[in-house]
Amino acid sequence: MIALLVTINIKPGFKEQFMASMMGDAIGSNNDEPGCLRFDVLQDNEHENRIHLFEVYEDEAAVEAHRAAPHYTKWRSEVADWFDGEIGRNVATPVYPAPEKWEKRPPIA
């Protein structure tokens with residue numbers, strides 16, 4: 001299993017458009033990718049233009065499938081000019097719950 005912790009800063013004035021596009025990627029990831037076990041979008045409480053993503057995938061193939069998915073490539077294209085700086089990305093291995101306890105969530109809107 002692979003967990004990604006991603007931090008994105010959004011340029012001022014682009015938050016609303018960014019989040020609309022982000023929701024398309026998040027919903028597509030959760031609903032259309034069998035290897036994506038979790039894709040959460042979190043609003044930072046201290047910085048209104050900062051979001052965090054918590055993503056969990058079955059394996060590296062599932063991460064690559066995510067990066068090739070139409071909803072992801074559309075999102076990257078739409079938001080390319082709205083990033084304020086580099087994207088922070090940390091890779092981790094889930095410890096608890098144990099990997100064998102993870103299961104795919106049902107589709108969510």
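Student: Which residues does Ser21 touch, not counting residues up to four places away in sequence?

Tutor: Welcome! This is a predicted model, in which local features need pLDDT of at least 70, side-chain atom pairs count only at pLDDT 80 or more, and totals for chains, interfaces and linings use all residues. Residues are numbered from 1 along each chain as its sequence is written, and side-chain values use heavy atoms, with hydrogens and water left out. If contact means heavy atoms within 4.5 Å, Ser21 touches, beyond residues up to four places away in sequence, Trp75, Glu78 and Val79.

Student: Is Ser21 buried or exposed?

Tutor: Ser21 sits in helix α1; helices (H or I, at least four residues) and strands (E, at least two) are DSSP runs, numbered from the N terminus. Buried means under 20% relative accessible area, exposed over 50%, and partly exposed in between (1.4 Å probe, protein chains only). With a relative accessible area of 9%, Ser21 is buried.

Student: What is the length of the polar contact between the side chains of Ser21 and Glu78?

Tutor: A polar contact is a pair of N or O atoms within 3.5 Å; within protein, one must be able to donate a hydrogen and the other to accept it, and residues adjacent in sequence count only if both atoms are side-chain atoms. The side chains of Ser21 and Glu78 are joined by such a contact of 2.5 Å.

Student: How many residues apart in sequence are Ala26 and Phe39?

Tutor: Ala26 is also found in helix α1, and its relative accessible area of 7% makes it buried. Leaving out residues up to four places away in sequence, Ala26 touches Phe39 and Val41. From C-alpha to C-alpha, Ala26 and Phe39 are 6.0 Å apart, while in sequence their separation is 13 residues.

Student: Which residues of α3 are buried, and what arc do they fall within?

Tutor: The buried residues of α3 are His71, Tyr72, Trp75 and Val79. They line one face of the helix, because seen down its axis (taking directions from the axis to the C-beta atoms) they fall within an arc of 100°.

Student: Which exposed residues are on the face of α3 turned away from its buried side?

Tutor: The buried residues of α3 have a cover that includes β1, α1 and α2. The face turned away from that buried side carries the exposed residues Pro70, Lys74 and Ser77.

Student: What is the relative accessibility of His71?

Tutor: His71 has its place in helix α3. Neighbours within four places in sequence aside, His71 is in contact with Gly24, Asp25, Gly28, Ser29, Glu33 and His66. His71 counts as buried because its relative accessibility is 13%.

Student: Why are the buried residues of α2 on the same side of the helix?

Tutor: In helix α2 (residues 60–68), the buried residues are Ala62, Val63 and His66. They are on the same side of α2 because, around the axis, they cover an arc of only 105°.

Student: Which residue caps the N-terminal end of α2?

Tutor: A side-chain oxygen lies 3.2 Å from the backbone nitrogen of Ala61. The residue that caps the N-terminal end of α2 in this way is Asp59.

Student: Which residues form the aromatic cluster?

Tutor: Rings of Phe, Tyr and Trp (its six-membered ring) pair if their centres lie within 6.5 Å; planes under 30 degrees apart count as stacked, over 60 as edge-to-face and the rest as tilted. The structure holds five aromatic pairs, among them the edge-to-face pair of Phe18 and Trp75, at 6.0 Å centre to centre and 75° between the planes. That pair links helix α1 to helix α3, across 57 residues. One aromatic cluster is formed by Phe18, Tyr72, Trp75 and Phe83.

Student: Which residues are joined by a cis peptide bond?

Tutor: Most peptide bonds are trans. Here, with omega at about -5°, a cis peptide bond joins Tyr96 and Pro97.
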